[in-house]
Amino acid sequence: MGNGRMLELSNVEAGYELLQVLWDVSLHVDEGEFVALLGPNGAGKTTTLRTIAGFLKPSGGEITFRGTPIAGARAHAVSRMGLGYVSETLNLFPAMTVHENLQVGATSVRDRGQIAATMDLVFELFPRLHERRGQLAGTLSGGERKMLAIGRGLMASPSLLLVDEPSLGLAPMATVATFEALKALRERGVTIMLVEQNVNTTLHLVDRAYVLEQGRIVLEGTGQELLTNPHVQAAYLGI
Amino acid sequence: MTTAATNLRSVPLARRFLSFTWLTLGAALLVMAWAAVAQPSILIDTLVTGGMWALMAAGLAMVFGVMNIPNFAHGELFLLGSFTAFTVYSPIRDAMFNDPSLTVLKIFGPFPGMVAALLVGAVVGVLLEVVLFRPLRRRSREQWVMNTFLLTAGVSVVIVNGYRLAFGNNYHGVTRYWDVPPLEILGVPISVDRAMVLVIALVTIGLFAVFLQRTSLGRAIRAVSQDETGAQMAGIDLNRIFVLTMGLSCALAALAGAALLFLFPAYPDVGLQPLYLAWFVVILAGLGNIPGAIVGAFIVSLLQTLTAFYLRVGWVDVMPTVFIILILLFKPSGLFGSAVKGVWEQ
């Protein structure tokens, strides 16, 4: 790990069949950092995460995770290396209980003690999930489902967690709770990369952010830098 | 799916139990209770054959629920199981015949054949997944259900005729596994073979249920049936789960064939009836639901037994079909079908 680089994308190109979405995307996340990927609808934010997580094979460029190349690796293998991914669609197991969903999240963990400890941590972050642990995931509210998806992602004790649009479709209260949880996680040393449309809140929360437009990285900077950047102010903050 | 699941919770208890499914189940239980008192042999026949259809149908339902494959070669695993059991059991039977003092063989002789059938079934299942389904899946998942239907129907033809070529059209069977006087249960004489079939079915189904419900691998299988992407995000290797699912399902079918060797001797087309019955059960219960398939197997077997007892044996396959058509008219998703997808959950 040397320089503490967790994730590095260099000149990544990716897309679906004939439609190329990502053009020459280079970015990096260092250990312990909280990084956001911002941009409008259709810019390629979700595609970037799917490519990193192994659900999409890049057509060009390199992806390294803690020094190991992972471009083109299969999704379950990437997950087992310690790269967690919480998708926009959550992909929970609706007919399983909250508890079982979390257990499945720990499939790659052998140590029972560690599983119990991580589950305690998840319940501490999201007390709501503890109340509902015997309930089927399909019967949870939108906010609870989001919490469960993040909790399930944590169960494998990932060193890096990719989170796609945690605020999407949530009531303002639930959004605040989700962001609070991410902040708490970060304080516990989990490296997080976040995709968001909620630019203002996100920039106040993260260390660094990239702005993705039409499949290309157009800006990079710390949260403060981007908050004062004229392009960001005009295009995303409405100032 | 959220709404369907929420509705399930909010429906008042009384109305839930007045539903079509529960009425059918209640009727079936009433008939069985009546049979236990008035005609115990109906109850016993229902349980014995029901146990075996449950083994067949559970595997069929699992493969459909987890892999989305309508397996029309499932009956051929029954055939391979019965022939394997015959091949392994024959020398054991001869040894017993030559030396009647071998009491150990008298008690445990039939089991090696059943274990061998289980193993052969598992190996064939694994081969089917690795050699046929995996390359197809890699190429394209478009029209997957239709393609795999045609593929398995083809596999069935190949196995039946390959078997015919190799072993001929003759019946290979045994008159009985356990050469001992029949037991008497509820005043009805029941052969040890039939009693053992029920025991084997119940033990296997019990182990299978515990495996799916309590172990990490079982949970992984259920997870894949509910959301493949989510399972991959949790670090589950889909290929491994598919191999396991196919192997398990085929092993169960082969075990059914082996355990029923005294009723169904091995011959090329022996798998046809079990295949269709298993499909009746799975359609009745709701595609891809294992507990539903297990319960459905006993309902179908009850119908068969009643038909054989009060009508004629020739109508045995007609009555369940008529019943299934009636059920599907009122509940097209099957008795236990629901909007929530999952192999184990209802």
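Two residues are taken to be in contact if their C-beta atoms, placed from the backbone, lie within 7 Å. On this criterion, in what is a predicted model, the contact between chain A and chain B takes 23 residues from chain B and 23 residues from chain A. On the side of chain B that touches chain A, two or more residues are given by each of helix 1 (2-10), helix 10 (216-226) and helix 11 (228-233) of chain B. Helix 10 of chain B provides the largest share of that side, with six residues. Sorted by class, the side of chain B that touches chain A holds nine polar, eight nonpolar and six charged residues.

The predictor assigns the complex a pTM of 0.88 and an ipTM of 0.92. For chain B the average pLDDT is 86, and 91% of the residues score at least 70. Residues 1-11 of chain B stay under 50 in pLDDT, although the model has 16 contacts for them beyond four places in sequence. Where pLDDT is low, the predicted coordinates should not be read in detail. Helix 1 of chain B, listed among the elements on the side that touches chain A, spans residues 2-10, and the stretch with pLDDT under 50 covers residues 1-11 of chain B.

The largest nonpolar core has 180 residues, of which Met56(B), Ala57(B), Ala58(B), Ala254(B), Leu255(B), Val281(B) and Val282(B) touch the most other members. Helix 4 (residues 40-67) of chain B gives the most to this core, namely 19 residues. Chain A also takes part: residues of the core come from both domain 1 (1-28 + 36-81 + 198-239) and domain 2 (92-159 + 169-189) of chain A, so the core lies between these two domains. In chain B, when residues up to four places away in sequence are not counted, Ala57(B) touches Ala278(B), Val281(B), Val282(B), Ala293(B), Gly296(B) and Ala297(B).

Chain A is divided into domain 1 and domain 2, whose centres, taken over C-alpha atoms, are separated by 24 Å. The contact between them takes five residues from domain 1 and five residues from domain 2 of chain A. On the side of domain 1 of chain A that touches domain 2 of chain A, helix 2 (75-80) and helix 8 (199-205) of chain A each supply at least two residues. By class, that side of domain 1 comprises two nonpolar, two polar and one charged residues.

Several strands of chain A are paired in parallel. Strand 7 (residues 160-164) of chain A is joined by four bridges to strand 6 (residues 83-86) of chain A, with which it runs parallel. Within strand 7 of chain A, Leu160(A) stands opposite Leu83(A). Strand 7 of chain A is also joined to strand 8 (residues 191-196) of chain A, by five bridges and again in parallel; here Leu161(A) stands opposite Ile192(A) of strand 8. Strand 8 of chain A is in turn connected by five bridges to strand 3 of chain A, and the two run parallel. Opposite Met193(A) in strand 8 of chain A stands Val35(A).

Five of the five residues of strand 7 of chain A are buried, so this strand is largely enclosed by the rest of the structure. Both of its faces are covered, with Leu160(A), Leu162(A) and Asp164(A) buried on one side and Leu161(A) and Val163(A) buried on the other. In strand 8 of chain A, six of the six residues are buried, so that strand too is largely enclosed by the rest of the structure. From strand 8 of chain A, Thr191(A), Met193(A) and Val195(A) point one way and Ile192(A), Leu194(A) and Glu196(A) the other way, and all are buried.

Two further positions in chain A were examined. Leu154(A) belongs to helix 6 (residues 142-154) of chain A and counts as buried, because 25 C-beta neighbours lie inside 10 Å. Apart from neighbours within four places in sequence, Leu154(A) is in contact with Gly84(A), Thr118(A) and Val122(A). Between Leu154(A) and Ala184(A), 30 residues apart in sequence, the C-alpha to C-alpha distance is 13 Å. Gly42(A) is placed in the loop between strand 3 (34-38) and helix 1 (45-53) of chain A. Gly42(A) is exposed, because 12 other C-beta atoms lie within 10 Å. The C-alpha atom of Gly42(A) is separated by 8.7 Å from that of Val21(A), 21 residues apart along the chain.

How values were computed:
Residues are numbered from 1 along each chain as its sequence is written. Chains are lettered from A and ligands numbered from 1 in the order in which they are written. This is a predicted model: local features need pLDDT of at least 70, side-chain atom pairs count only at pLDDT 80 or more; totals for chains, interfaces and linings use all residues. A nonpolar core is a set of buried Ala, Val, Leu, Ile, Met, Phe, Trp, Tyr and Cys residues joined through C-beta atoms within 7 Å. A residue is buried if 20 or more other C-beta atoms lie within 10 Å of its own, exposed if 12 or fewer, and partly exposed in between; C-beta atoms are placed from the backbone. Domain bounds come from an automatic or database domain assignment. Ala, Val, Leu, Ile, Met, Phe, Trp, Tyr, Cys and Pro count as nonpolar, Asp, Glu, Lys and Arg as charged, and the others, Gly among them, as polar. pLDDT is the predictor's confidence in each residue, from 0 to 100. Two strands pair if DSSP finds at least two bridges between them.
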